[in-house]
Amino acid sequence: MQRALALLSCGAFLALASAPLLASGNAANGKTKAAACFACHGTDGNAVDPQYPRLAGQYNAYIQQVLHEYKSGGRDNPIMKGMVSTLSDQDIEDVAAYFSSLPTKLDTLKGHVQGD
Ligand code: HEC
């Protein structure tokens, strides 16, 4: 009994400890919400035009943080400020989950027009 209780409390601790990871959004919903992003960042998140950053495979936490910064003005960019103004916290988690789940080309500039 003692042991079962110890295991239970251990499980509860792990569940709590992993809560921030679970709050990482829904990639399927994110794909729908990201439709407005594809024109610049590419349908696969690997923009070809070098003026638009590649998002595919970027760290989930990075995407979330920078989107919040565009929203707050902490990172100042008029285009992105407009894009994030209508996104809720849940939307941000979902689009970040989506773009971070895509196969990345961040390790090379190949195909990024000026990087060829
Ligand atoms: C009209 C073009 C355009 C659209 C549409 C657009 N973006 Fe951007 N995005 C940009 C530009 C330009 C930058 C670079 C801004 C800067 O220098 O900070 C950028 C930067 C970003 C960055 C930061 C990338 C990095 O490496 O730091 C993220 C994340 C991002 N956009 C996500 C999105 C999401 C999510 C959407 C859709 C809701 C979206 N963008 C729609 C043009 C666009």
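1. Confidence. The chain averages a pLDDT of 85, and 77% of the residues score at least 70; pLDDT is the predictor's confidence in each residue, from 0 to 100. Over residues 16–22 the pLDDT is below 50, and this stretch has zero contacts in the model beyond near neighbours in sequence. Two residues are in contact if their C-beta atoms, placed from the backbone, lie within 7 Å. Where pLDDT is low, the predicted coordinates should not be read in detail.

2. Conventions. This is a predicted model, in which local features need pLDDT of at least 70 and side-chain atom pairs count only at pLDDT 80 or more, while totals for chains, interfaces and linings use all residues. Residues are numbered from 1 along each chain as its sequence is written.

3. Overall fold. Helices (H or I, at least four residues) and strands (E, at least two) are DSSP runs, numbered from the N terminus. Among contacts between residues at least 6 apart in sequence, 71% join residues at least 24 apart. Of the 116 residues in the chain, 22% are buried. A residue is buried if 20 or more other C-beta atoms lie within 10 Å of its own, exposed if 12 or fewer, and partly exposed in between, with C-beta atoms placed from the backbone.

4. Helix H7. Residues 89–101 form H7, which has 13 residues and reaches 18 Å from its first C-alpha to its last, close to the 18 Å expected at 1.5 Å a residue. The expected span is 1.5 Å times one less than the number of residues in the helix. The buried residues in H7 are Ile92, Glu93, Asp94, Val95, Ala96, Ala97, Tyr98, Phe99 and Ser100. Their cover includes helix H3 (27–33) and H5.

5. Helix H5. H5 also has 13 residues; from first C-alpha to last it reaches 19 Å, close to the 18 Å expected at 1.5 Å a residue. Ile63, Gln64, Val66, Leu67 and Tyr70 are its buried residues, and what covers them includes H6 and H7. Just after H5, glycine 73 takes a positive phi of about 90 degrees.

6. Nonpolar core. The largest nonpolar core has 14 residues, of which Ala34, Ile63, Leu67, Val95, Ala96, Tyr98 and Phe99 touch the most other members. H5 and H7 are the elements that give two or more residues to this core. The largest share, six residues, comes from H7. A nonpolar core is a set of buried Ala, Val, Leu, Ile, Met, Phe, Trp, Tyr and Cys residues joined through C-beta atoms within 7 Å.

7. Valine 95. Why does valine 95 count as buried? Valine 95 is buried because 28 other C-beta atoms lie within 10 Å. This residue is found in helix H7. Leaving aside neighbours within four places in sequence, valine 95 is in contact with Gly30, Lys33, Ala34 and Cys37.

8. Phenylalanine 99 and alanine 56. Not counting residues up to four places away in sequence, phenylalanine 99 touches Ala34, Gly45, Leu55, Ala56, Gln58 and Ile63. Alanine 56 lies in the loop between H4 and H5 and is partly exposed, with 19 other C-beta atoms within 10 Å. Alanine 56 and phenylalanine 99 are 43 residues apart in sequence and 4.9 Å apart in space, C-alpha to C-alpha. Beyond its neighbours within four places, the contacts of alanine 56 include Asp44, Gly45, Asn46, Leu102 and Pro103.

9. Valine 84, found in helix H6, counts as partly exposed, with 19 C-beta neighbours inside 10 Å. Valine 84 touches Leu67, Tyr70 and Lys71, not counting residues up to four places away in sequence. From valine 84 to lysine 71, 13 residues apart in sequence, the C-alpha to C-alpha separation is 6.0 Å. Methionine 80 also has its place in helix H6 and is partly exposed, with 18 other C-beta atoms within 10 Å. Methionine 80 and leucine 67 are 13 residues apart in sequence and 8.1 Å apart in space, C-alpha to C-alpha.
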